[in-house]
Amino acid sequence: MARPDPGALLKLAAGEGRGKLTIFLGAAPGVGKTYAMLARAQARRIGGTDIVVGLAETHGRSETANLLEGLEVLPRRKGEHSGKTYDEFDLDAALARRPAIIIVDELAHTNDAAARHPKRYQDVAELIDAGIDVWTALNVQHLESQADLVTRIAGVAVRETVPDIVLQRADEVLLVDLPPSELIQRLKEGKVYLPENATRAAEKFFRPETLTALRELALRRTANRVDDQMSDIWRQQAVEGPWITGERLLVCVGPDALSEKVVRTASRMALGLNARWIVVALARSADPILDADRSARLEMTLVLAERLGAEVRRVVADDFVAEILRTVRRDNITQIVIGRPKTSGFARVFKRSLPDALLGTVGGVGIHLVSANPGAADKWRLRTRKRNVPEWIASVGLPVATVGAITLLGLGISQLLVLQNLSILYLLAVLLSAILAGRFAALLAAGLSFLAYNFFFIEPVRTFTVAKPHEVLALAIFVAVAAVTGTLAARLREQVERARQAVRSTQALYDFSRKLSAAYGVDGALTATTSQLHAMLGLPVVALAAGATGELELRVAWPPDQTLDETAMTAARWAHEKKEPAGFMTGTLPNVAYLFIPIRSDQRMAGVAGVRLDATHGPLSPDEDRQVSAVLEQAAIAIDRARLVRENAQAAVAREGEKLQSALLSSLSHDLRTPLASITGAVTSLRQLGDRMSAESRMDLLASIEEETGRLARFVGNLFDMTRIESGLLKPRREPVDLPALIAGLVERMGRIDDKLKLETSTAEAMPPALADPGLLEQVLFNLVDNARKYAGTDKPVSIYVRREANMAVISVTDQGRGIPEEDLELIFEKFHRRAKGDGRPAGTGLGLSIARGFVTAMGGTIKAESPAVRKRGTRFVIRLPLAGADT
């Protein structure tokens with residue numbers, strides 16, 4: 001049984017909750033896009049649909065303006081562009097109104113500087129994300145892939161463009177079409193432009209051949225869009241094939257000026273073939289580091305490719321042809337598009353170009369060569385030379401200076417000595433030029449050395465003539481060795497520079513990891529992140545994260561004196577909510593001075609980092625962008641870890657609180673209810689029977705009341721003592737305590753409570769006093785003995801021994817009960833811990849041993865439990881306290 005395509009279903013599910021985009025696509029202005037849009041809106045309004053007009057440009061056409069009657073039109077905001085004031089679309093008003101459908105005309109429009117987004121299609125994207133359906137209009141010449149083609153067809157530059165991906169993702173595309181003859185007639189009747197503009201338009205744009213070409217483009221794009229929609233429906237409904245694999249394009253680009261044209265040409269081919277296309281940026285590991293201009297040009301080319309709908313890859317390979325062949329086989333490529341650079345005849349003879357190598361190697365795949373525009377490369381080189389004058393001075397001046405210095409040195413030496421291998425000195429000039437200025441300088445130094453050595457040192461001197469045949473061979477060998485040596489030295493220099501950059505980046509990340517590991521909490525991680533970014537970029541950095549109320553707030557700034565205005569905070573909130581960069585030179589609030597980048601992990605949004613940029617610095621370079629991304633990824637992990645630690649600690653505290661609450665309620669329900677029931681029963685009996693009871697019975701009832709009242713007093717006292725310990729209010733006195741006298745008083749006190757209990761005591765001779773609080777120590781020993789009485793019984797004695805170990809007094813309390821399992825020896829000191837469960841357990845609160853440990857610790861001693869104690873039975877509690885003379 002056929003099953004729906006998972007990718008198609010995921011694509012369908014991703015659209016749930018989002019608005020729908022409908023584009024009225026036309027071949028040229030004046031075909032009636034806005035008219036068709038408003039006519040359809042009138043029909044929907046009559047049918048009861050909540051539809052409003054956010055912006056509709058009628059361009060003075062009365063029949064179009066009449067269609068606005070009855071429709072709700074949102075007020076526009078005032079915008080300024082080039083010193084003039086215009087009515088602009090109000091995005092915030094549309095989001096506040098939140099209709100079912102909104103009309104936003106002229107999708108390719110560029111917003112004013114005060115707008116949240118630089119382009120109107122980005123406003124439309126925000127409306128769709130908010131769940132609002134949008135109707136808009138677009139001419140085919142405003143598509144990014146068609147702009148340069150339309151410029152060549154019509155001779156008119158297209159200044160405002162929309163990425164092709166916007167049209168590809170539209171839910172519905174409606175073609176609004178008119179034959180060229182009718183459109184020209186409308187232009188003559190003044191229904192397209194005002195009379196003064198109509199004449200210029202007829203001369204340039206509105207010509208039959210131009211309109212026909214544009215009409216073909218619009219029809220093709222609409223047909224491709226319908227075909228894509230039909231394919232999606234087939235996949236969602238599991239309609240059987242046969243499926244045709246279709247065309248796949250591989251586009252090879254680099255940092256040269258021709259690559260942009262290659263990408264645009266490939267985009268048009270992919271659209272015409274309805275094909276998937278991949279753009280690969282090729283680079284060799286041994287290539288020199290790109291300068292800022294070439295690196296920026298490559299990044300702009302790749303961004304353009306993504307906007308046009310391509311999949312972008314970066315590939316580092318020493319053999320371009322082999323890598324391209326692997327990609328062809330792996331991705332089922334059917335067409336290769338590559339630029340053919342303009343080369344001289346000398347270069348074509350001695351160096352085989354990549355297109356030539358592909359043509360001679362690749363079989364079964366179409367190869368399309370895109371040539372450069374005449375003169376374009378030369379103009380670019382001139383501009384580059386003007387920008388890079390200092391670098392060229394170094395590349396030319398250093399070889400001239402070193403070769404000149406070596407020549408003067410050689411002339412001086414030749415006056416004193418006769419040297420047969422003076423040419424070796426010139427290798428020094430080649431090496432110095434290669435190491436200090438690069439490959440070009442090395443080759444130039446080799447050429448100058450050849451000329452200087454021939455002119456000054458080879459007979460006949462002062463001419464470039466070579467008289468002896470062996471000197472010609474020597475010169476040839478010298479040039480070859482110099483060229484090879486210079487090239488290797490230059491390559492070594494470049495590799496060393498790459499290695500230094502890699503070491504610096506690795507060291508910076510390592511240092512940052514150490515800072516993060518030592519940082520405490522979210523603020524600590526953000527502080528480490530901002531200081532690291534500031535050190536790397538040399539720019540002001542801020543970090544924002546959600547506060548206690550959930551609102552994004554400024555947490556850390558470096559340097560600390562930075563603040564964010566409301567516009568910057570809006571950009572930061574956008575980056576946080578949409579999980580995409582915002583601010584400086586991005587698609588959202590590009591005039592903000594900060595570039596806000598989300599700090600996100602796989603789990604959640606950790607915060608936002610903001611880097612303050614300006615026109616002098618410009619956008620982040622690719623290397624800077626990669627370094628920032630690496631830092632923010634580590635920061636996100638550290639912030640996640642800090643939040644998890646905090647949440648786990650809070651959960652542990654909550655669990656402990658619940659555990660204590662449960663234990664306290666259990667203790668209260670048993671150990672408070674039982675004595676109260678006994679007291680209530682005894683009092684009731686005394687009141688009801690009165691004098692009819694014998695004297696002995698009355699005495700028993702009164703003794704029971706006294707005993708249970710004592711239990712209640714001890715219960716309340718234990719709770720009070722535990723409260724004092726945990727709150728830190730316990731302040732024990734530390735004074736010499738006579739241990740034999742204190743134990744004798746304890747024996748007398750226990751005898752009054754239980755005359756059946758037998759206590760055995762023993763104290764070492766000449767036992768010095770211990771340093772302790774006598775009241776607290778007596779309570780500790782009472783709790784230990786009472787615990788032994790409850791759990792070991794009264795049939796066997798409880799032993800209390802006192803001895804001295806070095807400077808410590810050791811008191812042990814031993815019973816002969818069943819003992820305590822080894823795993824419970826520490827648990828018994830926890831609050832409310834009871835070994836026995838249920839109603840048959842001995843009376844008590846489970847606080848006695850916990851209070852005992854708290855008192856002993858407060859007095860500067862220790863207490864521990866040992867089991868078994870005597871003949872594999874019993875439990876021994878050992879208390880160690882400092883002696884009075886040993887405390888300092």
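This is a predicted model: local features need pLDDT of at least 70, side-chain atom pairs count only at pLDDT 80 or more; totals for chains, interfaces and linings use all residues.
The chain has 888 residues, and 42% of them are buried. It holds 27 helices and 25 strands. Among contacts with a separation of 6 or more, 69% join residues 24 or more positions apart.

Start with the nonpolar interior. In soluble globular proteins, nonpolar side chains tend to be buried together. Here the largest nonpolar core has 41 residues. Those with the most contacts inside it are Leu 739, Leu 777, Leu 781, Leu 784, Val 785, Ile 811 and Ile 879. Both helices and strands give two or more residues to this core, among them helix 25 (739-753), helix 27 (848-858), strand 23 (808-814) and strand 25 (876-882). Helix 26 gives the most, with eight residues.

Leu 739 shows how the pieces meet. Leaving aside residues up to four places away in sequence, Leu 739 touches Met 767, Ala 770, Leu 777, Val 802, Ala 809 and Ile 811.

Now the helix pair. The axes of helix 25 and helix 26 come within 10 Å and cross at roughly 45°. The two helices are therefore oblique to each other. Helix 25 passes helix 26 in a right-handed crossing. Helix 25 brings residues including Leu 739, Leu 742, Ile 743 and Arg 749 to the contact. Helix 26 brings others, including Leu 777, Glu 778, Phe 782 and Asp 786. By class, the contact has eleven nonpolar, one polar and four charged residues.

Finally, look at the loops. A cis peptide bond joins Trp 558 and Pro 559, with omega about 0°. Pro 559 lies between strand 15 (552-558) and helix 22 (566-578). Another cis peptide bond joins Ser 867 and Pro 868, again with omega about 0°. Pro 868 sits in the loop between strand 24 and strand 25.

Two loop residues have a positive phi without being glycine. Glu 106 has a phi of about 55°. Its loop runs between strand 6 (101-104) and helix 5 (120-129). Glu 106 counts as partly exposed, at 28% relative accessibility. Leu 589 has a phi near 50°. Leu 589 is found between strand 16 (582-583) and strand 17 (594-600). Leu 589 is buried, with a relative accessible area of 8%.

Key:
Residues are numbered from 1 along each chain as its sequence is written. Side-chain values use heavy atoms; hydrogens and water are left out. A nonpolar core is a set of buried Ala, Val, Leu, Ile, Met, Phe, Trp, Tyr and Cys residues joined through side-chain atoms within 4.5 Å. Buried means under 20% relative accessible area, exposed over 50%, partly exposed in between (1.4 Å probe, protein chains only). Helices (H or I, at least four residues) and strands (E, at least two) are DSSP runs, numbered from the N terminus. Contact means heavy atoms within 4.5 Å. Axes are lines fitted to C-alpha atoms, for helices over the stretch in contact, and angles run from 0 to 180 degrees between N-to-C directions. Angles under 35 degrees count as roughly parallel, over 145 as roughly antiparallel, 65 to 115 as roughly perpendicular and the rest as oblique. A crossing is left-handed if the near helix is turned anticlockwise from the far one by less than a right angle, and right-handed if clockwise. Ala, Val, Leu, Ile, Met, Phe, Trp, Tyr, Cys and Pro count as nonpolar, Asp, Glu, Lys and Arg as charged, and the others, Gly among them, as polar.
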